[in-house]
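Me: I would like to learn how to read cavities, salt bridges and surface patches in a model. Could you take me through them in turn?

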Amino acid sequence: MANLSLPLLSVFPVERSSLTTSLFVVLGGCLILICLGCFTPQLRFIWHCFLAPLGANDQKARLDKSSVLSCQAEVYDATRNGLLRGRNTMLSLSAAHLQELRRSCPDKRLVWVDIGGGTGYNIELMDKHFPISNFDAIYLIDLCEPLLHVARSRFAKKGWNNVTVLCQDACDFYLPEWSENNIQPEGSVGFVTLSYSLSMIPNFYTLLDRVDRVLDPAHGLLSVVDFYTAGKQPSLHQKAIGGVSKECGWLSRWFWQIWFDFDHVSLSPARRSYLEYRFGTIKTYNGRNHFIIPFIVRIPYYVWLGRPRACDVSRFCHAFEVDGGNIIGNCSPQAFTTVTDVDATVPPLLIGEPVLPIQNVGKQMVIDVTPPLSSFHYQVKNPWRLPYYDSPVHKDFRTFIYSFTWEDPIEDMKHLRLTSEDSMFVITSAGDNALHYAISASPKRIHCVDMNPCQGHLLELKLAAIQALDYDDFFALFGKGCHPKFRQLLDSKISPYMSSVAYQFWRVNDDAFSSSFYLNGYSGWALRLAQFIFRLARVDKYVVQMCECDTIDEQRTIWKERLRPVLLNPVVVQLLKSPVFCWNALGVPMNQRQMLLHEGGMYQYVKDTLEPAVSHYLLKNDNYFYLLALLGHYTSISCPAYLTRSGFEALKSNERKVMDAFRLHTDSIVNVLRGITSGSLTRALVMDHLDWFTPGFKAADDEIAELYRVITRGGLVFWRSASKVPWYNEIFKRHGFNVSPVSIRERDAEYPIDRVNMYASFWKAVKL
């Protein structure tokens with residue numbers, strides 16, 4: 001540093017007037033050197049990637065010329081860690097899906113081909129997710145010899161004898177074992193990865209065709225992470241496959257394609273489009289790399305997992321076409337493997353005339369050249385979540401409205417008379433009650449319906465987490481509402497059991513379990529407000545005390561003396577009257593709000609709700625609804641059935657066959673009902689859904705008519721209402737139901753109608 005300062009001082013004579021200037025120059029020079037020292041790897045990376053390759057005539061020469069220095073770990077890996085995001089996610093997802101794919105064939109030979117693997121960083125990273133020793137053979141293929149030299153040294157230090165490094169053109173890669181061991185190339189590879197290499201390979205059509213040829217059609221997995229650009233998708237089907245946030249703005253498309261083209265990296269949409277056409281999509285995640293300058297420099301990248309389209313999708317096609325009641329968007333061949341006897345016991349759905357012509361194909365079916373199916377069809381495990389296309393109405397749901405279910409399933413079970421032979425139709429909500437029915441009676445089919453996709457994402461997460469996790473992790477997520485390693489669990493354990501669209505939602509919202517899950521969603525605003533009011537009134541300690549009371553008398557005393565004056569305060573009651581708060585915090589729409597106001601006003605409604613419930617059910621162990629509302633979490637002795645250890649084990653028992661009953665629909669109730677076979681359902685619970693309709697609205701008549709058609713004779717329909725006698729009861733009677741009240745809450749009643757006691761009435765209709 002002294003050598004630097006001497007010339008600088010000689011340029012500026014040391015005088016009193018110029019001393020300050022000289023000092024600033026010295027400090028500025030020091031700052032420049034420090035910055036150069038910190039960013040030396042990045043500057044060398046830019047030089048050798050963007051400037052040095054100029055003038056090279058072919059791909060191999062260009063790669064060798066650009067990598068002479070950047071192949072050093074100091075430069076190459078340091079720059080890739082910041083620039084190439086998503087690699088760890090891709091490998092973690094791949095490991096989880098590989099484990100699930102291989103459950104049926106654990107002894108089958110497993111070969112991994114890492115195309116464009118460079119320094120071998122991905123293989124070393126994969127060892128943290130899926131032990132390298134579990135692979136029978138690993139082949140790293142790259143055209144750049146300097147990078148491969150680093151890879152050989154890396155693997156030698158690890159002592160991995162099952163890893164082979166090959167300097168080959170990816171489009172013509174050839175594995176030595178094919179000739180040495182006389183192995184047929186077709187279907188001989190179980191796992192292929194392309195980590196930021198697909199965009200660098202000129203002849204990508206040939207490459208992907210070759211990968212499709214050698215990948216195992218039944219259990220093979222292809223994983224890709226790379227930069228991309230994409231415009232508007234030409235169809236809803238392609239949009240559904242590409243996933244959320246795939247579309248890039250015109251400026252982003254224009255800028256990044258030109259920028260990366262300087263380094264001979266092609267971000268043309270054609271590469272990803274052909275990838276999604278040639279293979280069946282399992283999972284997709286579209287992200288933005290905030291490289292160098294967050295929120296300004298946002299490079300689009302994607303993580304993608306897929307499998308050969310030749311894999312067996314008959315089970316998922318049956319679930320889609322039969323359980324889903326339609327073949328809209330299904331561009332696949334129409335004949336499939338016969339379903340099992342177990343599946344055949346479930347009543348089929350009436351799907352009407354097909355949208356596409358049905359071909360008579362024998363058992364030896366030749367697959368047509370058609371667009372790929374939705375990502376639903378290529379899942380590796382469960383056909384729970386039926387596919388759907390984005391609709392304008394979905395934009396109204398930014399997240400889930402209900403993070404918990406606000407109806408008492410114990411009261412439901414008293415009147416449902418549910419058996420294992422029943423087929424149910426329920427509203428999804430948070431899924432708590434549907435899980436309760438499954439635990440209690442194991443019905444053979446449970447159709448869960450919700451127009452809000454996020455409610456389906458929530459129930460799907462619960463189903464997948466039950467299948468993938470142990471009880472302690474599961475209770476931490478949905479009992480305590482907090483798990484510091486949710487993102488890790490999502491990628492490494494839960495993801496194989498989820499649909500692509502649900503995974504994308506939770507990947508974007510992976511901070512939902514960072515503090516208190518139940519403070520999320522629209523209903524979370526109500527819980528946040530309650531906590532704020534209690535703190536403001538300085539009664540928050542009494543809230544905890546009331547939830548820990550051992551007797552009803554203690555609980556009632558704290559309620560009357562401490563909490564009742566706060567919650568029934570005129571200011572709070574006035575807030576509850578607000579239509580904006582009713583919808584955004586309580587999930588109460590305008591028409592239902594008018595119903596409860598008609599029953600005596602907001603003050604009377606809240607009083608009639610809370611007084612009897614708090615006076616007869618102990619929060620500590622018998623009323624988890626209000627315990628959650630007060631504490632923001634459940635406890636092990638006060639929680640829904642699916643969060644108890646016995647309920648959790650019941651759902652996981654018998655190879656989780658209880659959960660096979662679930663089918664999750666993302667559509668309006670009437671649209672789903674129209675696809676169901678007449679007389680095939682025995683039970684339906686529509687909660688308070690009909691309160692949402694305006695009196696006399698024709699859609700309510702249409703929906704009740706469809707309910708009558710699909711319910712078998714003697715079948716039951718249940719609903720709750722904010723009104724003691726809802727207007728639509730007459731429609732049920734007009735269509736042929738015998739309607740009777742299960743319970744009606746009277747004004748100033750001493751006893752609650754159930755543990756929640758929020759609705760004014762509970763009704764039952766029997767199809768005559």
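Reply: We go feature by feature through this structure, which is a predicted model.

Me: How many cavities of 30 Å³ or more does the structure hold?

Reply: Rolling a probe the size of a water molecule over the atoms shows where empty space is left. Here the structure holds three cavities of 30 Å³ or more.

Me: Which residues lie nearest the centre of the largest cavity?

Reply: Its lining has 13 residues, and D412, N433, Y437, L685 and M687 lie nearest the centre. The elements giving two or more residues to this lining are β8 (423-427), α17 (432-441) and β12 (711-721). By type, the lining divides into nine nonpolar residues, one polar and three charged.

Me: Is α17 mostly covered or mostly open?

Reply: Mostly covered, as eight of the 10 residues of α17 are buried. Among them are N433 and Y437. Just after this helix, S442 takes a positive phi of about 50°.

Me: What lines the second largest cavity?

Reply: Its lining includes D226, F227, Y228, R271 and R272. Both β5 (221-227) and α13 (269-278) supply at least two residues. The lining divides into five nonpolar, three polar and three charged residues.

Me: Turning to salt bridges, how many does a search of the whole structure find?

Reply: The search finds 33. In one of them, the side chains of D216 and K108 meet at 2.5 Å, N to O. D216 lies in the loop between α10 (204-214) and β5, and K108 in the loop between α6 (87-101) and β1 (111-115), so the pair ties together parts 108 residues apart in sequence.

Me: Why does D216 count as buried?

Reply: Buried means under 20% relative accessible area. D216 counts as buried because its relative accessibility is 7%, whereas K108, at 34%, is partly exposed.

Me: Last, which residues make the nonpolar surface patch?

Reply: W250, L251, W254, F255, I258, W259 and F262 make a patch of about 830 Å². One of these, W259, is found in helix α12 (residues 250-261). W259 is partly exposed, with a relative accessible area of 41%.

Conventions:
Residues are numbered from 1 along each chain as its sequence is written. This is a predicted model: local features need pLDDT of at least 70, side-chain atom pairs count only at pLDDT 80 or more; totals for chains, interfaces and linings use all residues. Side-chain values use heavy atoms; hydrogens and water are left out. Patches are made of residues with over 30% relative accessible area and no salt bridge: like charges are joined within 9 Å, nonpolar side chains (Val, Leu, Ile, Met, Phe, Trp, Tyr) within 5 Å. Accessible areas come from the Shrake-Rupley method with a 1.4 Å probe; for residues, only the protein chains shown count as cover. A salt bridge is a side-chain nitrogen of Lys or Arg within 4 Å of a carboxyl oxygen of Asp or Glu. Helices (H or I, at least four residues) and strands (E, at least two) are DSSP runs, numbered from the N terminus. Buried means under 20% relative accessible area, exposed over 50%, partly exposed in between (1.4 Å probe, protein chains only). On a 1 Å grid over the protein atoms alone, a cavity is a set of points where a 1.4 Å probe fits but cannot get out, and a pocket is an open set with protein on both sides within 12 Å along at least five of seven lines; lining residues have an atom within 4 Å of a point. Grid points are joined across faces, edges and corners, and a volume is the space filled by probe spheres set on the points. Ala, Val, Leu, Ile, Met, Phe, Trp, Tyr, Cys and Pro count as nonpolar, Asp, Glu, Lys and Arg as charged, and the others, Gly among them, as polar.
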